[in-house]
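These are my notebook entries on one structure. I went through it element by element and wrote down what I looked up.

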Amino acid sequence: MIRLSRREILAGSAAVAIAGTPALAEEVNLRALGLAEPAFSVDAELNIPDLTGAVHQLEDYRGKTVVVSFWATWCPPCRKEMPTLARLGRELGSDDYAVLAVNIGDRQDKIQAFLDEIEHEGMSILMDSDKEMPSKWSLRGLPVTYIIDANGDVALGAIGERIWDSPEMIAGIRSVGGTS
C-alpha cells in the first residue's frame, strides 16, 4: 500500500484543479480581468456617425469580434483608458476585430481636441451627439465597454476603467473571437 503525505495529496489536488477544463480556465481569466456576461439584456444597436459623418451599425461588423467602449471627454477614467483601447485595436488588427469608441454627448470639436492629445489610431471614434446610446445599452456611468461576438451578440461587459492592451486582456478578447 502506498502512503501519501498530506503535502503530496494537496499538491496532487492542486495539479488536478489547475488542469481543469479550458472553458473553466477562460472564465476565471475573464473574471479576473473584470469581464463578465451582462446580468441583463442589452439592446446592442448602433446607428451613429464617426467623425467623418459615416454612419456605423453593428451589422457592418458581422463576423468580427467588436469591442464597443462608451466614453466622454469629461470622464477621467475614460480619458486614461482610451490610448489602451487604441493599442488593443492595433494589436488585434482589423481582419477579425474592431474597436469602437462611442463618445456620449460631447461636441465634435471637444472630441477632436482630446484626440489630438493621444495616439488613437486603431479604433473608430463614433459620436452619440443625441445621447441615445445610454438607454439602449443600459449605461449608468462611464466608461462601460461591451464585447460583441461574431454573431452580433453581447458576450461580455466591463464597467469602469481597464487596461485594454495588457497581454492577459488581449488573450481574453481573442478567446471570445475564437482566434489566438
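I looked up T65 and listed its contacts (heavy atoms within 4.5 Å), leaving out neighbours within four places in sequence. The list is D96, Y97, A98, I147, I148, D149, A150, I173, V176 and G177. T65 sits in strand β3, residues 65-71. I noted a relative accessibility of 3%, so T65 counts as buried. Here buried means under 20% relative accessible area, exposed over 50% and partly exposed in between, with a 1.4 Å probe and protein chains only.

Before going on I noted the basis of the values: the model is predicted, local features need pLDDT of at least 70, side-chain atom pairs count only at pLDDT 80 or more, and totals for chains, interfaces and linings use all residues. Residues are numbered from 1 along each chain as its sequence is written, and side-chain values use heavy atoms, with hydrogens and water left out.

Entry: overall layout. I counted 6 helices and 7 strands in the protein. Helices (H or I, at least four residues) and strands (E, at least two) are DSSP runs, numbered from the N terminus. In that direction the order is α-α-β-β-β-α-β-α-β-α-β-β-α. Of the 180 residues, 39% count as buried. I also took the contacts between residues at least 6 apart in sequence, and 74% of these join residues at least 24 apart.

Entry: α3 against α6. Two packed helices are described by the angle between their axes and the distance between the axes. I looked up both for α3 (residues 76-92) and α6 (residues 167-177): the axes come within 11 Å and cross at roughly 55°. Axes are lines fitted to C-alpha atoms, for helices over the stretch in contact, and angles run from 0 to 180 degrees between N-to-C directions. The two helices are therefore oblique to each other. On this scale, under 35 degrees is roughly parallel, over 145 roughly antiparallel, 65 to 115 roughly perpendicular, and the rest oblique. The crossing of α3 past α6 is right-handed, meaning that the near helix is turned clockwise from the far one by less than a right angle.

Which residues meet there? From α3 I listed L88, E91 and L92, and from α6 I listed I170, I173 and R174. By class, the residues of this contact are 4 nonpolar, no polar and 2 charged. In this scheme Ala, Val, Leu, Ile, Met, Phe, Trp, Tyr, Cys and Pro are nonpolar, Asp, Glu, Lys and Arg are charged, and the others, Gly among them, are polar.

Entry: the faces of α6. I found M169, I170, G172 and I173 buried. Down the axis of α6 the buried residues fall within an arc of 160°, so they line one face of the helix. The arc is that of the directions from the helix axis to the C-beta atoms. On the face turned away from the buried side I noted P167 and E168, both exposed.

Entry: α4. In this helix, residues 108-115, I found I111, F114 and L115 buried. Their arc is only 100° around the axis, which puts them on the same side of α4. The elements covering them include β3, α3, β4 (97-104) and β5.

Entry: L51. I placed L51 in the loop between β1 (48-49) and β2 (55-56). At 21% relative accessibility, L51 counts as partly exposed.

Entry: K80. This residue is in α3 and is exposed, at 59% relative accessible area. K80 and R162 are 82 residues apart along the chain, with C-alpha atoms separated by 9.0 Å.

Entry: backbone checks. I found a cis peptide bond between L142 and P143, with omega about -5°. P143 belongs to the loop between α5 (133-136) and β6 (144-148). S138 lies in the loop between α5 and β6 and has a positive phi of about 55° without being a glycine. K131, also not a glycine, has phi near 55°; I placed K131 in the loop between β5 (124-128) and α5. Buried or exposed? K131 is exposed, at 53% relative accessibility.
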